[in-house]
Amino acid sequence: MAENKSKYDRQLRIWGEQGQAALERANICLLNCGPTGSEALKNLVLGGIGSFTVVDGSKVDVADLGNNFLVDTESIGQSKAKCVCAFLQELNDAVGAKFVEESPEALLETNPAFFSQFSLIIATQLAENVVLKLDRICRQQNVILVIARSYGLTGLVRISLKEHDVVESKPEHSREDLKLHKPWPELKRSVDDFDIDTEDSVIHKNIPYVVLLIKLAEEWRNMHDGMLPSTKEEQNQFRDLVRSKRRSSDEENYKEAWAASVSLWDPPGISSDLRNIIEDSSADVNSNSSDFWVLVAALKEFIANEGEGEAPLEGSIPDMTSLTEYYIILQKIYQEKAEADFLSFERRVRSILKNIGRDLDSIPSASIKSFCRNARKLRVLRYRSLEDEFSSPLTAELQRYLGDEDKSTAFSFYVLLRAVDHFATSYNRYPGVFDEELDEDVSRLKTIGVGLLNDMGCVGANLSEDLISEMCRFGASELHCVAAFVGGIASQEVIKLITKQFIPISGTFIFNGIDHKSQQLAL
């Protein structure tokens with residue numbers, strides 16, 4: 001483990017030992033190891049996944065040397081899966097590697113059970129009808145599917161699974177969990193020991209802003225029938241009260257209190273997102289429920305009882321202007337409260353496990369503690385199947401995209417990426433492959449694209465002639481620069497899914513290399 005800590009030091013700082021352990025347990029399957037797939041898998045191998053299997057029935061040819069760094073001149077004529085596998089193992093020999101010299105299309109037909117052994121499948125450069133079949137199989141076998149495709153100067157990434165829960169969502173913007181509007185008795189007693197009107201200038205400018213806000217909130221309540229500021233006018237008046245207590249320009253603690261005062265009038269209780277999770281039907285647990293939903297059921301009970309409408313306290317406090325001794329006192333009070341909340345929460349978890357007939361220790365204390373610490377930021381994502389996406393389009397949403405300047409281009413690329421597959425089914429080749437038929441292919445692709453729009457309920461909508469011409473001009477090429485970008489996005493999403501940290505994309509990610517833009521579409 002010490003060697004791994006040294007090797008993976010920088011990423012351990014992002015997703016921790018628990019996240020790295022999840023990666024090292026992962027068994028990934030890559031379908032097609034062209035540049036898009038190779039770039040995605042390269043990132044995961046360097047990140048330290050447990051093992052991977054490459055499935056590709058093609059041989060390396062001269063064209064591969066121009067867009068795939070994981071083959072060389074000596075690879076020409078050899079199995080592409082074997083060559084890519086060998087090069088990837090050189091990057092990280094701790095990762096287990098296998099290859100299958102068979103096309104994904106053939107394997108889907110002859111051995112669909114093959115895919116059940118994997119944690120996650122990355123499907124690259126597969127036609128629509130093949131991806132549809134693969135999605136059905138993955139959903140039946142509860143295997144995560146990540147679809148990635150690059151096509152000329154465009155590409156997409158799409159996740160498909162029934163449900164994905166995130167405990168450590170790590171949102172970019174989240175207010176500290178300080179309970180300033182509702183201090184518990186131990187915190188209140190500690191705050192009462194401070195005199196914010198002290199004549200000692202050193203102490204005055206080093207009183208933590210947490211103390212200042214709780215004290216001033218109490219003063220405000222005493223003058224306003226026990227109520228905190230609610231209207232915009234009252235909130236500004238409270239900020240003025242904070243500012244009035246500041247004696248000199250170097251009192252940073254009062255600046256911090258002024259900036260953090262907004263947390264006082266945040267709505268009490270839990271967020272609407274968390275409310276939706278604890279009210280979800282899956283929170284009515286039984287012996288077959290996942291650990292996540294057992295923990296949610298316990299959280300629902302905690303909020304209704306010990307929490308008095310609030311989630312368990314996280315227990316950490318931010319850096320702030322303060323004397324060290326004051327900061328340590330506050331830190332200890334918050335940590336002790338968080339530990340008390342955790343113990344209450346853990347008792348409820350064990351009680352629920354007993355009631356549903358599961359081993360009381362089947363959920364480790366470390367997992368319970370992590371859930372408890374992150375309870376305010378839980379996320380549950382549910383993904384439509386590709387079959388639903390294609391057969392039951394969200395017409396109102398699609399029409400909205402057509403009326404949005406940026407999203408209309410992304411949506412057009414989505415339609416055209418589907419249209420080129422329909423074109424290939426009809427003509428046994430992709431549009432633009434033969435220069436002499438380019439003009440005719442533009443007309444054919446336009447007809448197919450407009451037909452798809454009509455099937456989606458966007459009757460009367462048109463596609464840009466320029467985009468149609470560009471799609472034909474791409475000639476189904478897989479450019480390395482685009483493949484590296486799309487593969488990079490795919491590997492990033494795989495890490496989120498495997499570690500269950502950060503929030504993965506919830507729709508279809510479209511890359512527009514012409515305008516250097518990307519969009520996420522809910523389809």
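Ala476 counts as partly exposed because its relative accessibility is 28% (buried means under 20% relative accessible area, exposed over 50%, partly exposed in between, with a 1.4 Å probe and protein chains only). The model is predicted: local features need pLDDT of at least 70, side-chain atom pairs count only at pLDDT 80 or more, and totals for chains, interfaces and linings use all residues. Residues are numbered from 1 along each chain as its sequence is written, and side-chain values use heavy atoms, with hydrogens and water left out.

Ala476 sits in the loop between α20 and α21 (480–499). Helices (H or I, at least four residues) and strands (E, at least two) are DSSP runs, numbered from the N terminus. Phi of Ala476 is near 65°, a positive value in a residue other than glycine. Most residues other than glycine have a negative phi. Lys500 also has a positive phi, near 60°. Lys500 lies in the loop between α21 and β9 (508–512). With 37% relative accessibility, Lys500 counts as partly exposed.

Helix α18 (residues 405–427) packs against helix α20 (residues 465–474) through Thr409, Ser412, Phe413, Leu416, Leu417 and Val420 in α18, which meet Leu467, Ile468, Met471 and Phe474 in α20 (contact means heavy atoms within 4.5 Å). By class, this contact has eight nonpolar, two polar and no charged residues. The axes come within 11 Å and cross at roughly 45°. α18 and α20 are therefore oblique to each other (angles under 35 degrees count as roughly parallel, over 145 as roughly antiparallel, 65 to 115 as roughly perpendicular and the rest as oblique).

Definitions and conventions
Axes fitted to C-alpha atoms, helices over the stretch in contact; angles between N-to-C directions. Nonpolar A, V, L, I, M, F, W, Y, C, P; charged D, E, K, R; others polar.
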